[in-house]
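Have the structure open while you read, and click through the residues as they come up.

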Amino acid sequence: MTWDGTAMQEIKALAEGKSTKIRAAIRLGVHSRTIERKLRAYREQEMDCFIHGNTGRNPVNKIDFDQVKQFLDAHDVANSNFTEQHRLLKEYGKIEVSSSCLRKRAFQVGELSVKCKRSTRRRLNKLLKEQKKREEMTRDQLKMLSALEIEQHTGVWCHPTKPRSKYYGERLEMDASSYVWIKGLGTTTLHVCSDDSSGDLVGLWLEEEETLNGYYQVMHQVLTNHG
């Protein structure tokens, strides 16, 4: 049981002879033997007997969500569903955390799985609106709320994109696109590398088709021109 103020006063009254063990047991809803043990402890330790032995200690099964977030951000897997995140955390990060725990934690901070159900989005929309009234929202939560409100008006759900990197050169994105880029050459493939923070193009290379050499050339431009 929880030894709150009422229970503490009951044990104190019992120790001072103002109550009986049977009366205290009935009022607190416990066995008389429990009252006897607590009374004995009170006489030996006084008020310290009401402090739980694990007070101030971290539980052995406590999950460090800061470590989980660092792993997900470092490996860019935040857009995968929670079952996949659970597998990656266990296999590569050596972090034991269930998919249901990840789902619950993400919901509390205003995040959703890319495969979430409509009912889940409705519950989160209600929760975020309540937080907005109390002015307890982060920028990412405001972005999620905006996407949920757009779904209410249009009926189309568009999962919020991942925010841009904070620093220039922190993250590079590469891709290739086939198109008639130059008249007379027909369809060619343009390999592109862009900086995620600013959106600047930091490398371009044209090939007949998408090749590994094209990406090598783009990366060579990045290292040569930007270090």
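**Around M47**

Leaving aside residues up to four places away in sequence, M47 touches M8 and Y42. Keep in mind that this is a predicted model. The notes below start with that methionine, then move on to cysteines, rings and charged pairs.

- You'll find M47 in the loop between α3 (32–45) and α4 (65–74).
- M47 is partly exposed, because its relative accessible area is 41% and that class sits between the 20% and 50% cut-offs.
- K12 is 35 residues away from M47 along the chain, yet their C-alpha atoms are separated by 9.0 Å.

**Cysteines**

- If you're looking for disulfides, the count here is zero.
- C116 is buried, with 15% relative accessible area.
- C193 also counts as buried, and its relative accessibility comes out at 0%.

**Aromatic rings**

- The structure has one aromatic pair.
- That pair is Y179 with W181, arranged edge-to-face, with 5.2 Å from centre to centre and 65° between the planes.
- Why is it called edge-to-face? The planes of Y179 and W181 are 65° apart, and anything over 60 degrees gets that label.
- Y179 counts as exposed at 52% relative accessibility, while W181 counts as partly exposed at 40%.

**Charges over rings**

- R105 has its charged end over the ring of F65, 4.7 Å from the ring centre.
- R123 has its charged end over the ring of F107, and there the distance to the ring centre is 4.7 Å.

**Salt bridges**

- How many salt bridges are there? The count comes to seven, and a few of them are picked out below.
- As background, side chains of opposite charge can pair when their charged atoms come close.
- K18 and E16 form one of these bridges, with their closest N and O atoms 3.3 Å apart.
- On the accessibility side, K18 is exposed at 62%, and E16 is partly exposed at 46%.
- E84 and R87 have side chains that meet in a salt bridge, at 2.6 Å from N to O.
- E84 and R87 are about one helical turn apart, because they sit three residues from each other in helix α5 (residues 82–91).
- E84 counts as partly exposed at 28% relative accessibility, and R87 is partly exposed as well, with a relative accessible area of 36%.
- E151 and R121 also meet through their side chains in a salt bridge, and the N to O distance is 2.6 Å.
- Are E151 and R121 buried or exposed? E151 is buried at 11% relative accessible area, and R121 is buried at 9%, so each falls under the 20% cut-off.
- Back at E84 and R87, salt bridges that share partners join these two and E91 into one network.

Terms used
Residues are numbered from 1 along each chain as its sequence is written. This is a predicted model: local features need pLDDT of at least 70, side-chain atom pairs count only at pLDDT 80 or more; totals for chains, interfaces and linings use all residues. Side-chain values use heavy atoms; hydrogens and water are left out. Helices (H or I, at least four residues) and strands (E, at least two) are DSSP runs, numbered from the N terminus. Buried means under 20% relative accessible area, exposed over 50%, partly exposed in between (1.4 Å probe, protein chains only). Contact means heavy atoms within 4.5 Å. A disulfide is a pair of cysteine sulfur atoms within 2.5 Å. Rings of Phe, Tyr and Trp (its six-membered ring) pair if their centres lie within 6.5 Å; planes under 30 degrees apart count as stacked, over 60 as edge-to-face and the rest as tilted. A charge sits over a ring if NZ of Lys or CZ of Arg is within 6 Å of the ring centre and within 35 degrees of the ring normal. A salt bridge is a side-chain nitrogen of Lys or Arg within 4 Å of a carboxyl oxygen of Asp or Glu.
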